[in-house]
Amino acid sequence: MSSPAHTEYPDKIDGAVLKIAGVVVLGAIMSILDITVVNVALPDLQVTFTGADNPLPYATVAWTVTAYTLALATVIPLTGWAADRFGTKRLYMLALLLFTLGSVLCAAATSINLLILFRVVQGLGGGLLMPLGMTIMTRAAGPARMGRLMAILGVPMLLGPIGGPILGGWLIDKVSWHWIFLINLPLGVAALAYAAWALPKDNPEPTESFDFLGMALMSPGLASFLYGVSSIPDEGTFASPKVLGFAGVGIALMVAFVFHSFRPEHPLLDLRLFKNKNLTVSIITMFIFAGAFFGGLLLVPTYLQQVRGEGALDAGLLVAPQGIGAMLTMPIAGALADKMPVGRIVPFGLAIITGGMFALTQVDADTSYWGYLIPVLFVMGLGMGATMMPLMTSAIKTLTAHQVARGSTLLNISQQVASSIGVAIISVVLTNGLNNDRLVSQARAFGEESAKVDPSQVGGLLEKFPAVAEILGRFQDPAAGQAALLDAVRHNMGEVFGDTFLVAAIMVAFTLVSAAFLPRKHEESHLLDDEDAAQVAPPVILH
């Protein structure tokens, strides 16, 4: 019997692939941008529904972010099965429609509870877009062009953290908070029309049975675990009953899912893929990297706003050099990943990021922007561009085409969970550092209490706050005392941020350990057409 014919892929990125890549990039930009664009709106949302005299607690409005993330993570495990069952084109268009509808509903919300509910709807669509997009692009690219195609997919991953704060800050300052959601309406309509035209029809394979027990274990388990982790900053400790309770239940359900997942022929998450060494090492490396880097990424705009007094828009602009650096190296790293082992690319990127994160430990209240901070962020961006896409390429490259959807699902879930854990760890370290600093904590408490009493009684409060009284007592002029107090608080906060960057730097450094196990010898891709993958075992190596 003659061997099955394989699809021939041109060596260069041709127009047909770029047409498909445009659809995926547009959808991914919508999904990732929305994760970050809402962050800068939280202070505005605190007073939107209740008025400036009765602001909502920060923990309440933060659920507009958490609810989206939980929905995102919960729906990701369904992607592999749903792609096989309904076809990638139809499912991708459904995800775009759901995301756009959720965005419009968010803009029309009349209460914080409705906004949180509609963010869940938005997250259900957004959670499908990234893993589906990776699947569509991987099947379109073929094995020899995956690194370059992954570099294209990396564009929205950069535009989200960079463009989100800038766009969100501008829309809130110039228009209103509604437009951080309404902006998705024209984008969604354009993406739907583009997808209908550009994406080729695919043949769904609805023969696989749905893993209902796996769904009952995995999605609630993941949601419960992430809810517990997301509660850590509010609780101030990992050991609170709320954190331990929800995270413990989530871990128990996910452990039960692991044991269950090896029984059905078509589990919700195919953990058998971890037999692939490259996939396993890449996912472990991506997990550690995502937790450390995205946790540390949270610190920079927070430092700029809390310590340096920058507005949301200016903070977003100051972080932009990091994205510019990544955009320079990402296409180069993507092209290299097609020609040489990622084990010879990724460690260099990680070393640059680690060095940059250690450099950020030296920031204080007066660190020069152009003389120090911006160059460091730019260099870190260079490292980021050399790290993320080669890692994803390594993870997917040795899978058969039929496994790509499920491999993408594993990769996206690990990145989502790691990011949540990293953000929680860094938030707790920063919050506890600020609370444990005597001057910062007393200055905050003094400010809150003095706002509630008659100005003539403020002096009597100083006995309760000796660190504040010590500074104010040095000056006859109250205005000069207030300025000195502000400078001292900023100085101490800068030191706390520097200490927190040290934790993030150590976390990134651990990534170098797992990266040492990435392939350092050239291995051809095993990516085949679905029809070929079903007929050939083991996978035929393509040239």
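Of the 543 residues in the chain, 54% are buried. Buried means under 20% relative accessible area, exposed means over 50%, and partly exposed lies in between, with a 1.4 Å probe and protein chains only. This is a predicted model, where local features need pLDDT of at least 70, side-chain atom pairs count only at pLDDT 80 or more, and totals for chains, interfaces and linings use all residues. Residues are numbered from 1 along each chain as its sequence is written, and side-chain values use heavy atoms, with hydrogens and water left out.

**The whole chain**

Show the cartoon. There are 25 helices and zero strands. Now show the surface. The chain exposes about 22,800 Å², and carbon and sulfur atoms supply 66% of that area. Accessible areas come from the Shrake-Rupley method with a 1.4 Å probe; for residues, only the protein chains shown count as cover. Consider contacts next, meaning heavy atoms within 4.5 Å. Among contacts with a separation of 6 or more, 82% join residues 24 or more positions apart.

**Stop 1: Leu-273**

Select Leu-273. You will find Leu-273 in the loop between helix H13 (241-260) and helix H14 (277-297). Is Leu-273 buried or exposed? Leu-273 is buried, at 5% relative accessible area. Set aside neighbours within four places in sequence, and Leu-273 is in contact with Leu-279, Leu-399, Gln-403, Arg-406, Gly-407 and Leu-410. Leu-273 and Leu-399 are 126 residues apart in sequence, yet their C-alpha atoms are 8.4 Å apart in space.

**Stop 2: aromatic rings**

The structure holds seven aromatic pairs. Rings of Phe, Tyr and Trp (its six-membered ring) pair if their centres lie within 6.5 Å; planes under 30 degrees apart are stacked, over 60 edge-to-face, and the rest tilted.

Select Phe-49 and Trp-177. Their rings form an edge-to-face pair, 5.6 Å centre to centre, with 65 degrees between the planes. Phe-49 sits in the loop between helix H2 (42-48) and helix H3 (58-61), and Trp-177 in the loop between helix H8 (146-174) and helix H9 (179-182), so the pair ties together parts 128 residues apart in sequence. Phe-49 is partly exposed at 22% relative accessible area, whereas Trp-177 is buried at 5%.

Now move to Tyr-194 and Trp-197. Their ring centres are 5.9 Å apart and their planes lie at 25 degrees, so this pair is stacked. Tyr-194 and Trp-197 are three residues apart in helix H10 (residues 184-198), about one helical turn. Tyr-194 is partly exposed at 25%; Trp-197 is exposed at 59%.

Which residue lies over the face of Trp-197? Select Lys-19, which is 4.8 Å from the ring centre. A charge sits over a ring if NZ of Lys or CZ of Arg is within 6 Å of the ring centre and within 35 degrees of the ring normal.

**Stop 3: salt bridges**

How many salt bridges does a search of the whole structure find? It finds four. Each is a side-chain nitrogen of Lys or Arg within 4 Å of a carboxyl oxygen of Asp or Glu.

Select Arg-490 and Asp-366. Their side chains meet in a salt bridge at 3.9 Å, N to O. Arg-490 is in helix H24 and Asp-366 in the loop between helix H17 (346-359) and helix H18 (369-385), 124 residues apart. Arg-490 is buried at 19%, while Asp-366 is exposed at 63%.

**Stop 4: a nonpolar patch**

Select Phe-358, Leu-502, Ile-506, Phe-510, Val-513 and Phe-517. They form a nonpolar surface patch with about 590 Å² of accessible area together. Patches are made of residues with over 30% relative accessible area and no salt bridge; like charges are joined within 9 Å, nonpolar side chains (Val, Leu, Ile, Met, Phe, Trp, Tyr) within 5 Å. Helix H24 (residues 478-515) gives the largest share, four residues. Finish on Phe-510, in helix H24. Phe-510 is exposed, at 54% relative accessibility.

How values were computed:
Helix = DSSP H or I, 4+ residues; strand = E, 2+ residues; numbered from the N terminus.
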